[in-house]
Amino acid sequence: SQVITAPLAALRGLVDALEAQALVVHVNPLQEALQPEGTPKFKGAFSALTQVVRDIGVPVILKETGCGFSASTLHRLRDTGLAALDVSGLGGTHWGRIEGARSPTGSPQAQAAATFAGWGEPTAESVLNAVRELQATTEVWASGGVRSGLDAAKLIALGASQVGFAQPALEAALSGAKALDDWMSAREYELRVALFCTGCERPSALRQKEGVWKTIAA
């Protein structure tokens, strides 16, 4: 919603000040609707996003916040020129639930958050939809409930070019740098095992073998 109202010059100034290599725009309608201080105003979002992509001067990445993307929304994004899209699907951190936890017990926001706790498109389904609608021009990134190297292999096989971890990585990081390094090494090893067992030399090869995702999803 801020992209709609922020002057393009201000966004350019932010990118320049940070020497940013890309601009990530997050999409969070459920969160905004449940926040007492939320700004659930998305009218004109597609045209504003298209202008930012065209004129900002760095790649623009669009990211959901735990609810994924429907096929119809992805279809509307086809002509925006996004560099990448992070589906952030249902299955991981869900900002609707987080807003419910922030709200006073029994408040309308808390009650609505419980009602919408399962709202969203699952990560795998969002990836498949995104690949069908956007892959010709936009990288598809997968996050939302990813827990293992095998999960990563499955999502890469479905068409994702990047896979993101959040909660488990942050949990490991709280125990220190070595714990995080050990956690990352274990996930890499799991991914390598998945590649070995499917006869793939590198992760991108998972997308090139017809039906391999069915094998590793079984």
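This is a predicted model: local features need pLDDT of at least 70, side-chain atom pairs count only at pLDDT 80 or more; totals for chains, interfaces and linings use all residues.
Begin by selecting His 26, Val 27, Asn 28, Pro 29 and Phe 42, which lie nearest the centre of the largest pocket, a space lined by 31 residues and with a volume of about 760 Å³. To see where the lining comes from, colour helix H1 (2-5), helix H2 (8-18), strand S1 (23-27), helix H3 (29-34), helix H4 (45-55), strand S2 (60-64) and helix H5 (71-76), each of which supplies at least two residues. Strand S1 gives the largest share of this lining, with 5 residues.

Next, select Lys 63, Asp 86, Ser 88, Ser 143 and Ala 166, which lie nearest the centre of the second largest pocket, where 23 residues form the lining. About 370 Å³ of space lies in this second largest pocket, and the elements that give two or more residues to its lining are strand S4 (139-143) and strand S5 (162-164). The lining of the second largest pocket divides into 6 nonpolar, 14 polar and 3 charged residues.

Finally, turn to the aromatic rings, for which the count comes to 2 pairs. One of them joins Phe 165 and Trp 183, whose ring centres are 5.2 Å apart and whose planes stand at 90°, so the pair is edge-to-face. Because Phe 165 lies in the loop between S5 and helix H10 (167-173) while Trp 183 lies in helix H11 (residues 177-197), the pair ties together parts that are 18 residues apart in sequence. Phe 165 is partly exposed, with a relative accessible area of 27%, whereas Trp 183, at 16% relative accessibility, counts as buried.

Terms used: Residues are numbered from 1 along each chain as its sequence is written. Side-chain values use heavy atoms; hydrogens and water are left out. On a 1 Å grid over the protein atoms alone, a cavity is a set of points where a 1.4 Å probe fits but cannot get out, and a pocket is an open set with protein on both sides within 12 Å along at least five of seven lines; lining residues have an atom within 4 Å of a point. Grid points are joined across faces, edges and corners, and a volume is the space filled by probe spheres set on the points. Helices (H or I, at least four residues) and strands (E, at least two) are DSSP runs, numbered from the N terminus. Ala, Val, Leu, Ile, Met, Phe, Trp, Tyr, Cys and Pro count as nonpolar, Asp, Glu, Lys and Arg as charged, and the others, Gly among them, as polar. Rings of Phe, Tyr and Trp (its six-membered ring) pair if their centres lie within 6.5 Å; planes under 30 degrees apart count as stacked, over 60 as edge-to-face and the rest as tilted. Buried means under 20% relative accessible area, exposed over 50%, partly exposed in between (1.4 Å probe, protein chains only).
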